[in-house]
Structure formats: C-alpha cells, structure tokens
Amino acid sequence: MRLDPILQEPLDDRVKGMPGGLAALTLQQIGRQGWRLLAEDLPLPACILSQSALDHNRALMRRFLEANGAVIAPHGKTTMSPQLFQLQLDDGAFAITVGNIHQIQVARRFGARRVILANQLIGRQAFRYVLEEMARDPEFDFYCLVDSVALVERMAAAARARPVGRPIQVLLEGGFAGG
C-alpha cells in the first residue's frame, strides 16, 4: 500500500480529534506537538491505540490464522486507517472489508488490492467506479454481496457497457422468507 502520502496530508479542526482554532498540521507535525491525551491536550472523547496491545493482538491473530487455516477479511470500515489495513494484510488478512463506495475509494487511493464490499454494489456511479478501477488495475481483486437476480442483472448490464475482461466477483447473500 502507498502510505507515505498520509504523512503529508494537512489536518485541521474539521477533523475529529483535532483541537479547535489551530492551523492545519500534517501527521508528521502532529507527532512533534507533544500533546498528551491525559493532560487533555486533545478534545475528548478520544480513542487511542497502545503499541504493546496492538503488537500482542497482531501476534495472537497470526497464531490463530496459522493454527486454524482460517482466512479473514477484517473490517477496514471500522477504523478507515490505511496504516492499520497494511498491518492486517501483513499479518495474513485475505482482504480489507468496507461498507460503501466511499470506503472503497479510500482503500484504493492508498493501494488496497483486494477489497470486499460488505454490501451490495448499487448505483450507476458505484458501478462506474469499480469497473474503471478493475480496468485500470488488473490486480484489483473486488468482491461484493448480491441478494437478488435483479441486482445481478443491473451489474451485468453495467459490465457489458464497460467491459473490463473479467467478472465482478460476487458473494451470494442468503436468507429465508420473512427473515
């Protein structure tokens, strides 16, 4: 993944967790501010990551995957942090799972190659974006859910209008009547 651009991205008080009234800072500059959460230098509530806990959980997950032959696609939509996406992929995740087209765009902007949309791909713009990404990058491995023949037909029509030489991969969402 391409993570270096994140360090240069300017952040200001429109971003959750940034103190109000400050000029924009890059992530590199934020790290040099010396802010301390417990001294309330940052707006609360806030979520923090403990490096030791993160390292412990990463090791635990790697052992679990290896011991059980399991495959996971963690929810990137929870953190929307490409840095965490990369750690999860480094630790053996099959893909990053997202919840909507905007989240696919963020994951792709930072180089995620395998993405699962944990919803249906719907709407002309969403079809266009995914098909263009598939055409632009032959290594883009995309999956989405489908729950009806009608949706498959709409997706097939969009793919015929913008052929990319390979199908959109779908996962069948099953259920039961009245469920």
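Q: Buried means under 20% relative accessible area, exposed over 50%, and partly exposed in between (1.4 Å probe, protein chains only). What percentage of the 179 residues in the chain do buried residues make up?
A: Buried residues make up 31% of the 179 residues. The model is predicted, so local features need pLDDT of at least 70 and side-chain atom pairs need 80 or more, while totals for chains, interfaces and linings use all residues. Residues are numbered from 1 along each chain as its sequence is written, and side-chain values use heavy atoms, with hydrogens and water left out.

Q: Why does Arg-62 count as partly exposed?
A: Its relative accessibility is 29%.

Q: Where does Arg-62 lie, and what separates its C-alpha atom from that of Arg-32?
A: Arg-62 is in helix α3. Arg-62 and Arg-32 are 30 residues apart along the chain, and their C-alpha atoms are separated by 32 Å.

Q: What makes up the secondary structure of the chain?
A: The chain has eight helices and six strands. Helices (H or I, at least four residues) and strands (E, at least two) are DSSP runs, numbered from the N terminus. Along the sequence they follow the pattern α-β-β-α-α-α-α-β-α-β-α-β-α-β.

Q: Among contacts between residues at least 6 apart in sequence, what percentage join residues at least 24 apart?
A: The figure is 53% for this chain, where a contact means heavy atoms within 4.5 Å. The C-alpha trace of the chain spans about 55 × 40 × 40 Å along its principal axes.

Q: How many aromatic pairs does a search of the whole structure find?
A: The search finds two. Rings of Phe, Tyr and Trp (its six-membered ring) pair if their centres lie within 6.5 Å.

Q: Why is the pair of Phe-140 and Phe-142 tilted?
A: The ring centres of Phe-140 and Phe-142 are 5.8 Å apart and the planes are at 45°. Planes under 30 degrees apart count as stacked, over 60 as edge-to-face and the rest as tilted; the 45° here belongs to the rest, so the pair is tilted. Phe-140 and Phe-142 are both buried.

Q: Which residue lies over the face of Phe-140, and which over the face of Phe-94?
A: Arg-108 lies over the face of Phe-140, 4.1 Å from the ring centre. Over Phe-94 it is Arg-114, at 4.2 Å from the ring centre. A charge sits over a ring if NZ of Lys or CZ of Arg is within 6 Å of the ring centre and within 35 degrees of the ring normal.
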